[in-house]
Each structure stands twice: as C-alpha cells, then as structure tokens.
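Morning, everyone. Please have a look at the structure before I start talking.

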Amino acid sequence: MVALSGNKNMAVALCLWLAAVSFISHRTSAELRRFEQPTRGDGTLRFLVVGDWGRKGEFNQSQVAFQMGKIGEELDIDFVVSTGDNFYDNGLEGETDPAFVDSFTNIYTAKSLQKQWFSVLGNHDYRGDAVAQMSPALRKIDDRWLCLRSFVVNAEIAELFFVDTTPFVNYYYANPENHVYDWRDVNPSKIYTAIVLRDLESALKESRAKWKIVVGHHAIRSVGHHGDTLELVRHLLPILQANDVDFYMNGHDHCLEQISDDKSPIQFLTSGAGSKAWRGDVKNLNRERLKFFYDGQGFMSVQMTRSDIDIIFYDVFGKVLHKWTRSKQLYSDM
C-alpha cells in the first residue's frame, strides 16, 4: 500500500509538471508588451532612475524629487524609470486611493519630470492592490504613469526590459508575516516565473539594440540590507549573462550602488534611495568588484549614445557622488 501511494503521488506530480510544460509551450514567444520611446534628433537618450519612493513626500522624498527636477532640466531627460516600491507601506488600496496623487502627482511636479514614467512593481506594492497600479484608470489621473508586470521599452539605441521580480522570491510565500500579498494573475508562481523568464530570454535574443538594460525591483547583487536575491542569481542572472545585457537596474535596497559582474560585462546598479534610507545597514562592504556604495537618499541619471554611456549618482542635495562611463565598439548592422 505504501508503494502504491508513493506511485500515485509521483503520478500526480508528473501530471502537474506535464500540465505546466504544456501551458508554457503553448504560449507564443516574445509576448512581452512593447512600447516605443523615440530618441531625440541627435541620437542621444537621457533618463533618471529612482526607486522606493512613495511616502507622500516624507523621509526626504520631496527633497529628492526637487533635485530630480533640477537634474532632469539640466539633462533635458526623455523619461523616468521607477524601480518599484512605488507606494508605502502597503501599496495602493485601489484605483481611487489618494496615495497615488499624494505620493506621485503632487510630489514630482517639476516641468522636467512631466515625461513618461516607466515603473515596475515592488514587494510593498504587492502588499496592496497590485492590479490597481497597472490600471488605465491611473493613467487618466496622471498620464505620465505606466506600470506593468513585465514589458519592453524600445528607445532605438537601447532597449529596456522590465521584469516583475517579486513573484520569484520564496520568502514572501513562506513568511508573509502579517502581510497579505496580491498574487492575482501570478499563481502558480513557478509557472508564472517560468513564463517571465522564457519571454524575457526570447526578447533579449531577438533584440538588436546597441544597449540592453534589464530593470527589476529586487537586486541580483547588493551589499545593502537585503543583499543578493538568490532566486534571481539562480534563474535570472544566467539569462542576462548569455544575452549580452549591459546593465541590471533595481531598487529594494534603500541605497545607491554599483557592482560589476565576475563573469560578464554586466553592471548591477541599485537606485532605491528615493525616500527612506537605512544608514549603516550594510553587508559585506569588502565585496570584490564593488565600485560604489552610498547608504543615503538620492537617484541616478543615465546618458547614452550609440557608442557611449554615462552613469551618475546624486545625493539628496543634488551633489554628484559617483560617475562611471563605458564605451562600446560600434559594429555594422549588416
């Protein structure tokens, strides 16, 4: 009887696995939704990156926003990237939650920031109505806002691949504590994340952009409070390494940092310092390949051409903390 029971369990498990494989295999490839973001006439692209910000202006969010406005004007930016945790502490309660206006519309008021915002969801966003953040109703309130789970922005000389990373993290399922996560449309998580990885890999392989940038909320590599996200190291990083990705940009840790990969040219760039920071809460600051770390508030700018890219980190006063430049050999598209 024990053997029969074991065989029955194995059979059930096999059926579930086959169903999952069948479900994934019947999805057409490269299903990530795409958005076009034209470059300016001179072929350059400029944008800001900020994360972990939505606190109704508190914890220096307003001050960071003010400096973003100034730098955005100086650079004449094309758009803004948000790396998630857009609304604290527990996301939005729905499409009419005043926190959307109080933490976004009424904070990022500078003329230079009245550009498209491309946003991903963070773990705090999943603690509320995650679906509401992706609703067209919010874009009617503020047309700058665009938040989806995973999608691609084609900016001609670069493509940005936005990835929904929260469902990858096992901790939120195993230890939700007193939080209720909005897992609608992402369960079962193993099937969902497998589809995300497959569609991302397909999109990366098909990309002919000179620069490939992947954006997610959780860090792959970090010396901050949360450290490395092991699930992303295991499942996402190999795909990035195999497909010539130049940068992985994230939030989650409330700091600014740059870490180099040890097996590829990838640079891991954390910009999660849009409001509350955790001063002194760091791990393994002696990590090899750590190029920059700052555990205060601030944001990041990106300026690029077909051959060069400049990364600059700023603090809450607009002071330049760190600069990094990369040049890339141009090859014919033929």
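**Salt bridges, a sheet and a helix**

Start with arginine 184: at 43% relative accessibility, arginine 184 counts as partly exposed. On this scale, buried means under 20% relative accessible area, exposed means over 50%, and partly exposed is in between, with a 1.4 Å probe and protein chains only.

A word on the source. This is a predicted model, where local features need pLDDT of at least 70, side-chain atom pairs count only at pLDDT 80 or more, and totals for chains, interfaces and linings use all residues. Residues are numbered from 1 along each chain as its sequence is written, and side-chain values use heavy atoms, with hydrogens and water left out.

Back to arginine 184. Which residue forms a salt bridge with arginine 184? Aspartate 129 does, and the closest N and O atoms are 2.7 Å apart. A salt bridge here is a side-chain nitrogen of Lys or Arg within 4 Å of a carboxyl oxygen of Asp or Glu. Aspartate 129 sits in the loop between α4 (123–126) and α5 (130–133), and arginine 184 in the loop between α7 (171–174) and α8, so the pair ties together parts 55 residues apart in sequence. Aspartate 129 is partly exposed too, at 21%.

How many salt bridges does a search of the whole structure find? It finds 16. Here is another: aspartate 228 with arginine 287, the closest N and O atoms being 2.8 Å apart. Aspartate 228 lies in the loop between β8 and α9 (230–235), arginine 287 in the loop between β11 (267–271) and β12, so this pair ties together parts 59 residues apart in sequence. Buried or partly exposed, for arginine 287? At 19% relative accessibility, arginine 287 counts as buried. Aspartate 228, at 24%, counts as partly exposed.

Now the overall count. The protein chain has ten helices and 15 strands. These are DSSP runs, numbered from the N terminus: helices are H or I, at least four residues, and strands are E, at least two. Of the 334 residues in the protein chain, 57% are buried.

Next, the sheet. Eight strands form an open sheet, in the order β1-β6-β7-β8-β9-β11-β10-β12, with mixed pairing. The edge strands are β1 (33–36) and β12 (290–294), and each pairs on one side only. Two strands pair if DSSP finds at least two bridges between them. β1 and β6 (residues 151–154) run parallel and are joined by four bridges. Arginine 34 has valine 152 in β6 as its bridge partner.

Last stop, helix α2. Helix α2 covers residues 61–75. Its buried residues include Val64, Met68, Ile71 and Leu75. Just after α2, aspartate 76 takes a positive phi of about 55°. The side chain of aspartate 76 meets that of arginine 40 in a salt bridge, at 3.0 Å, N to O. Aspartate 76 is in the loop between α2 and β3, and arginine 40 in the loop between β1 and β2, so the pair ties together parts 36 residues apart in sequence. At 42% relative accessibility, aspartate 76 counts as partly exposed. There is also a network: salt bridges link Arg40, Asp76, Asp78 and Lys115.

Notes
The expected span of a helix is 1.5 Å times one less than its number of residues.
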